[in-house]
Structures are given as C-alpha cells and as structure tokens.
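Subject: A structure for you to look at

Hello,

Here is the structure I promised to pass on. Please open it first, and then read my notes below.

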Amino acid sequence: MPTACNAPTFTGQARGGREVVARFDGGTLTSDGGAVLLGEVERATGIVRQFAGCCTDHRDPTRVEHPVAQLVAQRVFGLALGYADLNDDDQLRADPLLAVLVGSADPAGQARRSARDVGKPLAGKSTLNRFELTAAAVSATERYKKIAPDDAAVDRLFVQAHPTPPAAITLDLDATDDPVHGQQEGRFFQGFYGHYCYLPLYIFAGEHLLCARLRPGQVAASHGAVDEIVRLVTQLRAVWPAVAITVRGDSGFCRDDLMTWCEAHGVDYVLGLARNRRLEAAIGRELQQARRTCRATDAPDRVFADLTYRTRRGWARARRVVAKAEVLPGLDGPKANPRFVVTSLAPDTLDAQPLYEPLYCARGDMENRIKEQQLMLFADRTSTATLRANQLRLTLSSVAYTLLAALRRLGLAGTALATAQCQTIRLTLLKIGARLRVLVRRHASGTRARPSPASLNQTPQAPRLTRLLRPDLAGIRAQPLTSFAGRPRHLLHTTCAGGHAAIVAPLVRNPG
C-alpha cells in the first residue's frame, strides 16, 4: 500500500563515515512480491475457483462489489501468505497486488461505490466474517449472511483424479487436538491432551489432503472414520476401479467396524494395536532373545514375529498381527518396548519386518502435514461461536494448504525446496519486498496491453526467481531486463480482470 509519512526523509546516525538516510518515497510497496507464484498456481489448477464454485450466493447481484470467488481467494491467499486473522484484512484490503491476484478489475480501488472505501479494492473483515458465519440453511430473505457453502460439494473438491491412475493409494488417518479458549460449540475437555479442544480428523494420501473434519472434543479418535473412508473409497473407485487402497492409522483407529468394512470391500489396512498382557506373553520368546542381544551389545535390538490374534470381546474374527519385540538399553538394565500392528495383508504378500518398518512407520510423515496445516496455515484459529463456522475456517486453511502443496509439487520439483514445508516456501519465495506499479497502455483500437519491458528500465534489480520454476506453470512469465550494472534481472507479470498489468519488481539486498 502507498507509504504515508510526515517527512520525506529521515537521517540516522552515521556509520563508518557513511550517512544513513531513510526515504519514504518508495511508492506502492508490498512484502508479498512472490505472491504472483500463488496466482499462477491457481490459474494452473483452479483450486480456489473450484472451492468458490461450491458456494451459493443469495446476495442481490446489483449490489455486490465483491463476488464470492474474490472473497474466497482473498481469504485463502491471505492464509497462504501468513495472515492468520480476519483483522489483518483491514490492512490487506488496500493491497493492489492481492487485488490483482483475486481477480479485481480495479486494483487501485478507485471505482468503489462508497467514498470511505476508495483506495481499498478488497473486502474488509466484516464482509469476510459474514461469509464465515453463514448458517447451513440460508435464503435470499436472510439480511446479512447469505453465502452458503455446499458441504457435499466441498467434500468432493479434495478428491480429484490425476490423468494416470496410481498403482496403489495409502490413506493415512490421524486425529489431533485443536485447543480452544472460549465457549465454542462442541468444545470439551480432553483428558488425553489435558485441555479443552476440538478433535479434528485428517486423512492424507501422501502430501494430498483428502479430508479435514472438525469434531467435538469428547469423541474418540476413530469417530466418523468409517463414514469418511466409505466416502473416499467410493469416490476413488468411481474413477480408478482397479486401484489398490490401503488404510493406515495408529491404535486409535483399530476398531472392528472399520476393519470389517475394509475386509468386505477389498480394502487393505495396517493399523496400530495397543499392547496388552496377552500380546506381550505371545512374544515372550522374542523379547528374551532381544534382551540377551541388548545386554551383550548395550544397543537396541528388535525381533519381529507373526501372530494370529483375536480379542476376547470386540473383534468379529481372528486377524494377523505383526509384533516388534524391541528391547532398549537403560540405566536400570534393558527395557522392553513391544509394538503391535494388525493388518489384512497376508504373510506371503509382505513379511513382518518390511510391513512394520517401511510400511507402517511411514505414517509418521503425516504428522508433518498436520503440523503444516495447524501451525503454518492456522487451521487452529477456531475461535468463532459455532462448530460450522469453525469447520469453514478449517476448510479455508485446507484449501490454502492444497494451493501451497501444488506450488511445491508443480513448481519446485527437482529444487532444494522440493520437500520444504509451507513456512519455508513462504519465507523463501513469497515474502519478498517489492515495488508495485499498476499500468495501463492502450492501442489505437482502445484495447489494453501489457507495458513493454523497455518502458521499465528504472525498475530495481530482482533475483532470478525463474530458476526455481518449472515449465508446468506455463502462466508464469519472467522478462529479463538490463540493469545499470549490466546484470540480468527479472520482472514477474500478472494481469487482472480489467486489463491492468501489475509489474512486481522484487527488492533485494544482494543483487545479481
């Protein structure tokens, strides 16, 4: 946004014989110069646009200044750029770069209907809050909250087929706590975590988020898991009938109803199984063997075993259990650390050790994806009064995660950032100080065109961001210019709906 200062310059204490002068004539500056990458990812994938298409707008079209697609894009891009709360939008609403990215035809905000909104092309926090607080059933007679997401359409949004079907898909399930500090609907005290919280359910396939379901805090980890697995398997097999599907989770999901459904529908499972005296007694010989080796070498040792096991109550049938008889060295002598996994995979398909270590233990990577969602994309900002509104906030965070995951997958493969977490991508590529100029040049016929590079030779030097971009994102255009020092530099272009060309010139301390 344009800088507003009382004095044109500020002189600081001299350093090393050099005068230190701060100037405030930078023009329209942004700290989010790399956000144009998100805009191009959205053009390539349509993630945000498809989510906006899941919403029904009951507002009077003649009085709408901010279409649903722009409201959704503003919120999702804001989360991806690190703006956690709606209060941030009181400042962001004047950002012309964000206005260009969401598709505004007036990035300078000069065509607003109200005089108090001139210079603010985007929606404020109150408009966005009304979107979040819309009830499940709404009509045109509702006075304020008139934009209603279709829950079923949103669920379908996260499951989309790739052109080439994979040989197999592993669905990772996990639950985590979402602490709350008010009287929100559905908040309960969770004894396991020791505080009031929600208990959202996440389902991933690799890095792909398929489900983020907010649940009351008093439910079990497996609550609703069968319904979600049924929905996802049905959607996946509708497009990939022959794909092999495996459900993977910790002992919180080791429930007979889930395993029975998987067995009846040709879905494999690998689930943690809580230890008990019967299971430990069944691997007594393996534990003794591991204890002798651990005592002799003073190093951890593990022995794997295959069992057939059935609970006395709860399970409908006996099932294969893989046991890890592990013993660890300790100050008071070797300590047993047995672990168990129940699976539908036959022994001739996968032996005990590879089933436990490469297959089951790989589920731990899902916790990194949840950390990205909760800590880096603010899925835990569930402070509204109703469970539905907080679910919508979780969904918006999920769309932001999907957008950044697409940038990582499409634009950063083969680079040092190919496996970077969302926060690293944000700080490395998106949080770039830049000067923004919104220009319009007309041909004789009156059509709008992007300004020529020759007219922009005064733009500050920029890093070669295109080295990090792959051809998958064909919409990203970087034009090299010649600086005063003769070094090449790049400008990232993006175009808004009104034909304005936004020229984003990153400002760097180490040019070249």
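A word on residue classes before the notes: Ala, Val, Leu, Ile, Met, Phe, Trp, Tyr, Cys and Pro count as nonpolar, Asp, Glu, Lys and Arg as charged, and the others, Gly among them, as polar. Please keep in mind that this is a predicted model, where local features need pLDDT of at least 70, side-chain atom pairs count only at pLDDT 80 or more, and totals for chains, interfaces and linings use all residues. Residues are numbered from 1 along each chain as its sequence is written, and side-chain values use heavy atoms, with hydrogens and water left out.

Cavities and pockets

The search ran on a 1 Å grid over the protein atoms alone: a cavity is a set of points where a 1.4 Å probe fits but cannot get out, while a pocket is an open set with protein on both sides within 12 Å along at least five of seven lines, and lining residues have an atom within 4 Å of a point. Points are joined across faces, edges and corners, and a volume is the space filled by probe spheres set on them.

Across the whole structure there are two cavities of 30 Å³ or more.

The largest cavity has a volume of about 60 Å³. Among the residues that line it are Arg75, Phe378, Arg393 and Ser397. Helix α14 gives the most to this lining, with four residues. (Helices, H or I of at least four residues, and strands, E of at least two, are DSSP runs numbered from the N terminus.) By class, the lining has six nonpolar residues, one polar and three charged.

The largest pocket has a volume of about 770 Å³. Of its 26 lining residues, Arg59, Arg63, Glu65, Thr127 and Arg130 are the closest to the centre. Helix α6 (residues 125–132) gives the most to the lining, with five residues.

Three strands form an open sheet in the order β7-β9-β8, with antiparallel pairing (two strands pair if DSSP finds at least two bridges between them). β7 (178–179) and β8 (188–190) stand at the edges with a single partner strand each, so one side of each is left without a neighbour in the sheet. Three bridges join β8 to β9 (residues 195–198), and Phe189 has Tyr196 in β9 as its bridge partner.

Best wishes
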